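I opened the model to look up its overall build and the layout of its sheet. My entries follow in the order I made them.

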Amino acid sequence: MDVLLPVFQLLYFVAHFLASLALSVIDTFFHLHRLLLRVYSFLVLARVPPGRLQADAAQLKKVPQHLGLVCVGQQAHHVAQLSTVISWAIGYGVHYVSLYDAHGVLKRKRPALLGALRESDSDVLYNVVSYGRDRHPDRDVVAGKRAEANGTTRHREITVNLLSQADGRSNLASAARRLCSEGCKITAAMIESRLVTLGQPDPDVVITIGEPISTLGFLPWQVRLSEFFSTPSLSRFEYNSFQTILRRYSKCEQRFGK
Amino acid sequence: MTWIVEQDRTWAEWAALRVLRVGPVPNHLAIIMDGNRRFARKEHKDTLAGHTQGFHKLTEVLCWCRDLGINEVTAYAFSIENFKRSKQEVDGLMDLAAEKFAKLLEEKEKLAKHGVCIRVIGDLDLLPPRIRKLTAEAILATRLNTKCFLNLALAYTSREEITSAMNQLSQGVDKGELLTSDICEELLEKCLHTRGSRDPDLLVRTSGEVRLSDFLLWQSGFSCLFFTKVLWPEFTIWHLFGAVFYYQRHYHTLTAARQESLALRQCIVEESDIENCHVKFGEKVSQEHISAYTSARQERVQNFLSNLHKIRIDNLQQISNEGED
């Protein structure tokens with residue numbers, strides 16, 4: 001019925017193919033770039049001197065209190081790189097970090113993550129929290145390397161939430177269950193008091209690692225005013241991109257409806 | 001300005017449209033129409049002119065969506081937070097809404113011909129009485145059309161939506177229509193203002209802001225978010241094509257994630273049914289007990305939802321009759 005259909009089908013595949021091709025060319029370029037940097041500087045690229053983090057943070061008008069990292073697909077498996085991102089965030093003065101993946105890979109990888117945090121070159125205490133099916137919090141406190149070394153002084157405490165799909169919509173559903181059994185008028189504050197992030201500020205910045213930009217079920221109630229950013233993959237997520245994201249966040253002006 | 005715009009496509013637009021239609025096209029598009037005021041400032045017009053221009057753009061986008069095959073559009077017209085704006089602007093916006101809804105009622109036949117169903121999501125009680133009456137009339141007049149859907153978010157915030165859904169459930173429990181254990185994600189979802197409609201596949205926000213700003217927080221869980229710098233009145237069909245192309249590139253990731261979340265949700269419901277059976281009948285529970293319990297639960301939920309629907313329609317009818325006698 002439609003003579004032109006095959007032509008359009010061909011064009012459709014060509015268009016998507018060209019887009020994929022362009023992206024993979026850029027990808028290869030990034031990889032080569034990284035490789036070159038490594039060869040020239042003999043540095044472990046991921047490690048940024050802590051003094052630089054603070055100096056960069058001081059230039060910003062505002063820094064997020066709570067950072068969300070949403071891992072798409074396989075990204076959640078690169079635990080060591082995630083812990084590097086956490087250390088950048090800490091250098092900028094973030095107090096809460098939420099790590100999310102839909103299938104609970106991060107919750108299962110908890111021991112590996114704890115190990116990576118213990119190895120990290122920082123002087124803070126990590127309070128790693130996750131919630132099981134029965135909503136009982138599972139807490140672990142680990143100290144970064146430098147905090148371990150001078151154990152006597154008091155250290156900054158950072159909360160790291162390990163979240164999965166069960167902490168999103170189904171957390172709201174179970175909150176509804178419990179609130180309904182109490183039988184009084186439900187308010188937003190009452191809902192908030194039943195959520196897993198009780199006592200924490202809402203995430204200010206959410207970075208999707210892996211494309212596309214999507215929350216994939218990440219804390220629906222709490223992302224009300226979060227700013228969304230994305231990075232194509234953890235292996236390409238370098239300090240410079242992190243800095244760019246936080247710079248863009250500090251420039252954002254929120255009007256709160258006005 | 002009418003609600004149904006019909007435009008001719010240039011050959012380039014027509015070709016791009018045909019190419020995009022080869023692949024998956026979102027069923028449901030959500031839009032945050034941001035940038036009307038900045039546009040007005042840029043063009044040295046007053047704010048209201050910007051909003052009028054924004055409305056005109058929305059009707060145009062509806063036409064593009066019909067051509068693309070997107071059959072549901074949800075647009076964020078006015079948030080509860082927007083009541084904080086200057087009185088002059090809020091009044092202006094309300095007048096604009098009144099004018100457009102009146103126009104809509106005039107064009108009832110035309111809308112029926114195109115099968116456009118218009119729903120207003122949000123807390124209608126917060127709207128001024130005359131607007132409330134018009135919106136109720138508009139919803140009732142178009143509610144039997146089933147070809148394409150336009151959901152307008154007026155006096156809407158997602159947190160209010162979730163809270164009021166929970167209150168409805170709580171009332172159901174109080175009246176004895178529901179058991180607390182019947183409450184699950186799916187039921188909560190069906191009590192939201194958007195009940196019965198699919199989750200949006202693609203969410204577009206214009207003007208360079210990268211927030212959801214309390215719009216469809218629950219429903220946008222597995223939507224592809226597309227942020228673009230262009231101001232809403234300057235949005236063109238090519239921006240929409242870009243968004244759809246972006247959606248197509250990530251269609252498989254998102255569909256897989258959505259499917260998995262539905263499977264998980266189903267799993268939780270089944271487990272809770274078995275658990276409740278254990279509580280009710282003791283340790284020895286056969287498969288028959290469980291399936292009997294499940295069908296009893298489904299019936300309860302169905303009754304509750306149809307009651308809720310009836311109450312809603314009655315309520316709308318009551319609002320639309322207000323002031324006539």
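**Overall build of chain B**

I began with the radius of gyration: a compact globule of 325 residues would have one near 20 Å, and chain B, with 22 Å, agrees with that. I note that this is a predicted model. I then took the extent of the C-alpha trace of chain B, which spans about 75 × 55 × 35 Å along its principal axes. I looked up burial next, and 43% of the 325 residues of chain B count as buried. For contacts in chain B between residues at least 6 apart in sequence, I found that 78% join residues at least 24 apart.

**The sheet**

I listed 11 helices and six strands for chain B. The six strands form an open sheet in the order 3-4-2-1-5-6, with parallel pairing. I checked the edges: strand 3 (116-121) and strand 6 (224-227) of chain B each have a single partner strand, so one side of each has no neighbour in the sheet. From one strand to the next, the twist averages 20°.

I then went to one pair. Strand 1 (residues 28-32) and strand 2 (residues 72-79) of chain B run parallel and are joined by five bridges. In this pair, B:Ile31 stands opposite B:Ala75.

**Helices on the sheet**

Helix 3 (residues 47-68) of chain B packs on the sheet and touches strand 1, strand 2 and strand 4 (148-156). I read about 165° between the directions of helix 3 and strand 2 of chain B. Helix 6 (residues 129-142) of chain B also packs on the sheet, touching strand 3 and strand 4. Its direction makes about 145° with that of strand 3 of chain B.

How values were computed. Residues numbered from 1 in each chain as written. Chains lettered and ligands numbered in written order. Predicted model: local features only at pLDDT ≥ 70, side-chain atom pairs only at ≥ 80, totals over all residues. Pairing = 2+ DSSP bridges. Helix = DSSP H or I, 4+ residues; strand = E, 2+ residues; numbered from the N terminus. Axes fitted to C-alpha atoms, helices over the stretch in contact; angles between N-to-C directions. Contact = placed C-beta atoms within 7 Å. Rg over C-alpha atoms; globule rule 2.2 N^0.38 Å. Buried ≥ 20, exposed ≤ 12 C-beta atoms within 10 Å, placed from the backbone.
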